[in-house]
Amino acid sequence: MVNVSRRSLIALGAALPLLGRLDWALASPPVPTSDKVLLNYNESPYGPSPAARAAMQLGVGASGRYPYKDLYALAEVFANQHGILDEHVMVCAGSMAALRYAVLAFTSETRGVVMATPSYEVPRQAAEARKAPVHEVPLTADHAHDIPGMLAADPKPGVIYLCNPNNPTGTLTPTKAIEHALASKPKGSILVVDEAYIDFCDAPSCVSWVKDHDDLLVLRTFSKIYGMAGARLGLALGQPVLLEQLEAFGGHNVPAASSLLGGRASLEEPSLVPERKALNTLVRDETVAWLKARGFTCTASHSNCFMIDVGRPAEQVIERLSAQNVMIGRVFSTWPNWVRVTVGNAGEMQRFREAFAAQVSFL
Ligand SMILES: Cc1ncc(COP(=O)(O)O)c(C=O)c1O
């Protein structure tokens, strides 16, 4: 049985001098949780980095004022890091809000959403709420977005949604295919590329493309690799003409100063992403190898979640693990026998393996 121990984490740090010591992840203050192992929302087990926590404390004192100065400062840091202009950055209280606003802004009862299945459900839910049609196109055999199929699904969609890496599978769509989607989609349809999980993988980001395209929106979040899900901080990147249309829905519903300061501190900590990415990859790949050694098929994830084919209604497995205080899931309706699992820390994945192993005879 593959085991992720403290020793193997430190060995990884030694093997990758670039990353320095990885035991910070074990030493950082624990994220307050219950005794449940929470592998069901693709959150980070590590929480905000120590530098982000310190910056967030300063934000508490600054909370008597509207936080626009901190908002513009965060936008400027992100823009400089990605070679875009400040005016291309909209800061919002979580990227889910920006995604909903995009669907509300660019769809109607006659112009719908085209998206993959399984994928993140929010665009579908937002479209349904405004009675816009939704076309869901199955992922390809290797679990990429089927770009030709998506382009053929609707001659004039309002939004084409592409999640890369995809939630829930963690799988990638090649950059060339995304370029093709942008070049070939109908004029007037907005391509939304959701990069919530891009920092966990080696794939290039599309953020810099927004300089040259007024029909591309890229979404980022601080909820995943930066461990700030509860702080509600996300970004929409696009040309001002697009962002203005999102602002009509919730442009002034901005995050708190502490979130903005914590987000900026995270961006300014160059070792944070490579360290967490390496740790996530190590723990994820060991867990997947353990499952494969027991005959289970898993998606080829490049993210902090993956799916397992459990060969029976996945709800049953979720219930059985939940009875052992290990929370996984959810199930996505077009893949009823697969369950999503978030990559937790080494100890949490040990608990997951123990709970899952106890079910193997059932499976
Ligand atoms: C693909 C994707 N986009 C957006 C979000 C929402 O992120 P936020 O917490 O920034 O609203 C999530 C959260 O799980 C997600 O999986």
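Residues are numbered from 1 along each chain as its sequence is written. Because the model is predicted, local features need pLDDT of at least 70 and side-chain atom pairs count only at pLDDT 80 or more, while totals for chains, interfaces and linings use all residues.

**Exercise 1.** Describe the domains and the side of domain 1 that touches domain 2.

Solution. The domain bounds come from an automatic or database domain assignment. Domain 1 comprises 6-47 + 271-357, and domain 2 comprises 51-267. Taken over C-alpha atoms, their centres are 24 Å apart. Next, contact is counted when C-beta atoms, placed from the backbone, lie within 7 Å; 23 residues of domain 1 then contact 21 residues of domain 2. Helices (H or I, at least four residues) and strands (E, at least two) are DSSP runs, numbered from the N terminus. On the side of domain 1, α11 (272-293) and β10 (305-309) each give two or more residues, and the largest share, 5 residues, belongs to α11.

**Exercise 2.** Characterise the nonpolar cores and the surroundings of A236.

Solution. A core is a set of buried Ala, Val, Leu, Ile, Met, Phe, Trp, Tyr and Cys residues joined through C-beta atoms within 7 Å. Buried denotes 20 or more other C-beta atoms within 10 Å of a residue's own, exposed 12 or fewer, and partly exposed the range in between, with C-beta atoms placed from the backbone. The largest core holds 75 residues, of which A102, V192 and A236 touch the most other members. Helix α5 (residues 95-106) gives this core the most, 8 residues. Beyond neighbours within four places in sequence, A236 contacts M90, C92, A98, L217, L219, L243 and L246. A separate second core has 29 residues, including I308 and F356.

**Exercise 3.** Is A54 buried or partly exposed, and why?

Solution. A54 belongs to helix α3 (residues 50-61). A54 is partly exposed because 13 other C-beta atoms lie within 10 Å. From I308, A54 is 254 residues away in sequence and 38 Å away in space, C-alpha to C-alpha.

**Exercise 4.** State the strand order of the open sheet of 3 strands and identify the edge strands.

Solution. Strands pair if DSSP finds at least two bridges between them. The order is β9-β10-β12, with antiparallel pairing. The edges are β9 (297-298) and β12 (338-342), each pairing on one side only. β10 and β12 are joined by 5 bridges, and D309 has W338 in β12 as its bridge partner.

**Exercise 5.** Which residues are closest to the ligand?

Solution. A residue is near if its C-beta atom, placed from the backbone, lies within 6 Å. The ligand is surrounded by 13 residues, the closest being G94, S95, M96, T221 and S223.

Notes: Two residues are in contact if their C-beta atoms, placed from the backbone, lie within 7 Å.
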